[in-house]
Amino acid sequence: QVQLVESGGGLVQAGGSLRLSCAASGRTFSNYAMGWFRQAPGKEQEFVSAISWSGGSTSYADSVKGRFSISRDNAKNTVSLQMNSLEPEDTAVYYCAAKFGRVGGVSKYLKDYAYWGQGTQVTVSS
C-alpha cells in the first residue's frame, strides 16, 4: 500500500501561481512513477502531468504544457506540481497518483495508477 496526501491547493486569481505537493508513505517511493490528474465539476478526470521514478522523464497535457512543471524528491518521498499562469479553466480537484514499476515510463492513463490521494481543490478566479 502507498498512502498519498496532497497539499497546496487554494484560491488564486487568474495569472497567479500555486505549488501542489504530494507526500507518499508506505512503500519505496522510488519504485513508483507519479502522476497528477484533475477533475473539474461536471467533467471526467483528466491527465495533467506525470514523472518517471527517477525524474528523468516527464509528460504534460497539452493544456498545461509550458505553464506547469512536475518534479520529485525521492529522498523526501514527495512529488510537486508547480502551476504558473493559472487560468479559470484550471479550476478542479487535483489528485496525486502512483504507478508501480520502474519500467514502462510515464503514463497518462488513469487505469495505470494503483494508488490515489484524496485530492486538493484549486480554484482560479477570473
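This is a predicted model: local features need pLDDT of at least 70, side-chain atom pairs count only at pLDDT 80 or more; totals for chains, interfaces and linings use all residues.
Threonine 120 has its place in strand E11, which covers residues 120-125. A search of the whole structure finds one disulfide, while the count of aromatic pairs comes to six.

**Threonine 120**

- Threonine 120 counts as buried because its relative accessibility is 11%, which falls under the 20% cut-off for that class.
- The side chain of threonine 120 reaches the backbone nitrogen of glycine 9 at 3.2 Å, and Gly9 is also one of the residues that threonine 120 touches when residues up to four places away in sequence are not counted.

**The disulfide**

- Cysteine 22 is joined to cysteine 96 by a disulfide with an S to S distance of 2.1 Å, and the link is left-handed, with -75 degrees about the S-S bond.
- Because cysteine 22 lies in strand E3 (residues 18-25) and cysteine 96 in strand E9 (residues 92-100), the pair ties together parts that are 74 residues apart in sequence.
- Cysteine 22 and cysteine 96 are both buried.

**Aromatic pairs and a charge over a ring**

- Among the six aromatic pairs is that of tyrosine 32 and phenylalanine 100, which is edge-to-face because the ring planes stand at 70 degrees, with the ring centres 5.2 Å apart.
- This pair links distant parts of the chain, since tyrosine 32 belongs to strand E4 (residues 32-39) and phenylalanine 100 to strand E9, 68 residues apart.
- Tyrosine 32 is buried, with a relative accessible area of 4%, whereas phenylalanine 100 counts as exposed at 57% relative accessibility.
- Phenylalanine 37 and tryptophan 116 form a tilted aromatic pair, with 5.0 Å from centre to centre and 55 degrees between the planes.
- Phenylalanine 37 lies in strand E4 and tryptophan 116 in strand E10 (residues 115-116), so that this pair ties together parts that are 79 residues apart in sequence.
- Phenylalanine 37 counts as buried at 0% relative accessibility, while tryptophan 116 is partly exposed, with a relative accessible area of 29%.
- Both phenylalanine 37 and tryptophan 116 belong to a cluster, linked by ring pairs, that also takes in Phe47 and Tyr113.
- The charged end of arginine 72 sits over the ring of phenylalanine 29, at 4.3 Å from the ring centre.

**Strand E4 and its partners**

- Strand E4 is largely enclosed by the rest of the structure, because seven of its eight residues are buried.
- Strands E4 and E9 run antiparallel and are joined by eight bridges, with arginine 38 standing opposite tyrosine 94 in E9.
- Strand E4 also runs antiparallel to strand E5 (residues 46-51), to which five bridges join it.
- The bridge partner of phenylalanine 37 in E5 is phenylalanine 47, and these two residues are also members of the aromatic cluster described above.
- The hairpin of E4 and E5 has six residues between the strands, and within this hairpin glycine 42 takes a positive phi near 75 degrees.

How values were computed
Residues are numbered from 1 along each chain as its sequence is written. Side-chain values use heavy atoms; hydrogens and water are left out. Helices (H or I, at least four residues) and strands (E, at least two) are DSSP runs, numbered from the N terminus. Buried means under 20% relative accessible area, exposed over 50%, partly exposed in between (1.4 Å probe, protein chains only). A polar contact is a pair of N or O atoms within 3.5 Å; within protein, one must be able to donate a hydrogen and the other to accept it, and residues adjacent in sequence count only if both atoms are side-chain atoms. Contact means heavy atoms within 4.5 Å. A disulfide is a pair of cysteine sulfur atoms within 2.5 Å. Rings of Phe, Tyr and Trp (its six-membered ring) pair if their centres lie within 6.5 Å; planes under 30 degrees apart count as stacked, over 60 as edge-to-face and the rest as tilted. A charge sits over a ring if NZ of Lys or CZ of Arg is within 6 Å of the ring centre and within 35 degrees of the ring normal. Two strands pair if DSSP finds at least two bridges between them.
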